Amino acid sequence: MNAASGTNRWILVTGGARGIGLGLVTAFAKAGFEVVFTYKSSADSARQAEESMAAQGFSVSGHACDSTDEAAVQALSAQLLTQRGAPYAIVNNAGITRDSLMMNMSTEDWRSVIDTNLNSAFFITRAFTSSMLESGDGVVLQISSVAAHKGIAGQTNYSATKAALTALTRSLALELGRFNVRVNAIAPGYIATDMFDNIPEAQRKSIRNSVPLRRIGTVEDVASLALFLLDPSASYITGQTFVVDGGLTA
Ligand SMILES: NC(=O)c1ccc[n+]([C@@H]2O[C@H](COP(=O)([O-])OP(=O)(O)OC[C@H]3O[C@@H](n4cnc5c(N)ncnc54)[C@H](OP(=O)(O)O)[C@@H]3O)[C@@H](O)[C@H]2O)c1
């Protein structure tokens, strides 16, 4: 049980119906937090997650919200802040890849990745942080990527957004520090989700062999670091990006 969960505080996770987001939702709920997550297209998975968590006695609810849609984010934040008050934490997890060499990349693929991975984080963070300042305690977590630190051919759009999240994390930490709101980022390496499964099999095999720990990460590997960063025992940590990648970027 997490000490921060004792006062009925809640956490928002974007893109929580599957993948790393679902791993975060599950870990936070099991740690005693009330969890609210958003989804864009995975309504069935969202309902399954709610039912499975409820059957285990946990409080989890999913809301349809395309985080690239500024008006939808504002409507959701108004609803949640009225119903629940300030969140203890917000986790900007929603993200997509649209890979191709830059010379072949469509403007649409460039823009959709910037919109989903970066502009969404801006809309969500701006919508919730002023309430968190008033409560004088809170955490903002960005799910970045090792692509922020290491070049990956075919991912210029994706890596640009992830590096931007790392930079945003540092600057926002300076803005919110005096209100005791900590801002950190997690940069996962390769994690077993649909996003990883979209990589061609031959490439996945070579990726696995290139990881010093010789395995692909799990959503639990990411969630355990997120839980630590939410915990009061991490109360002097802000403005940082933490890599969880099996040694890939060592
Ligand atoms: N898997 C990896 O190897 C890896 C490595 C480093 C970083 N990451 C990062 O970790 C995060 C989660 O990735 P993942 O591997 O779990 O990917 P995933 O399995 O492809 O899931 C992506 C998630 O993002 C949500 N999403 C996408 N666009 C959205 C939008 N406009 N509004 C709301 N939600 C949206 C999806 O919701 P719907 O299904 O409802 O559309 C889904 O829940 C991403 O930021 C990704 O960049 C992943």
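Me: Is helix 1 mostly covered or mostly open?
Reply: Helix 1 (19-30) is mostly covered, with 10 of its 12 residues buried. A residue is buried if 20 or more other C-beta atoms lie within 10 Å of its own, exposed if 12 or fewer, and partly exposed in between, with C-beta atoms placed from the backbone. Helices (H or I, at least four residues) and strands (E, at least two) are DSSP runs, numbered from the N terminus.

Me: What kind of model is this, and how are residues numbered?
Reply: This is a predicted model, in which local features need pLDDT of at least 70, side-chain atom pairs count only at pLDDT 80 or more, and totals for chains, interfaces and linings use all residues. Residues are numbered from 1 along each chain as its sequence is written.

Me: Which residues of helix 1 are buried?
Reply: Among them are Gly19, Ile20, Gly21 and Phe28. After helix 1 comes glycine 32, whose phi is positive, near 105°.

Me: Which residues come nearest to the ligand?
Reply: Of the 30 residues around the ligand, the nearest are Gly15, Gly19, Ser42, Gly95 and Thr193. A residue counts as near if its C-beta atom, placed from the backbone, lies within 6 Å of the molecule. Helix 1, strand 2 (34-39), helix 4 (107-135) and helix 6 (194-197) each give two or more residues to this shell.

Me: Why is strand 6 described as largely enclosed?
Reply: Strand 6 (residues 181-188) has 8 of its 8 residues buried, so it is largely enclosed by the rest of the structure. Val181, Val183, Ala185 and Ala187 point one way, while Arg182, Asn184, Ile186 and Pro188 point the other way.

Me: Which strands pair with strand 6?
Reply: Strand 5 (residues 138-143) pairs with strand 6 in the parallel sense over 6 bridges. Strand 7 (residues 241-244) also runs parallel to strand 6, joined by 4 bridges. Two strands pair if DSSP finds at least two bridges between them. Isoleucine 186 is the bridge partner of isoleucine 143, and phenylalanine 242 in strand 7 is a bridge partner of isoleucine 186.

Me: Turning to helix 3, which residues are buried there?
Reply: In helix 3 (residues 70-84), Val73, Leu76, Ser77 and Leu80 are buried. They cover an arc of only 100° around the axis, which puts them on the same side of helix 3. The arc is that of the directions from the helix axis to the C-beta atoms.

Me: What does the face turned away carry?
Reply: That face of helix 3 carries the exposed residues Ala71, Ala78, Gln79 and Thr82.

Terms used:
Expected span 1.5 Å × (residues − 1).
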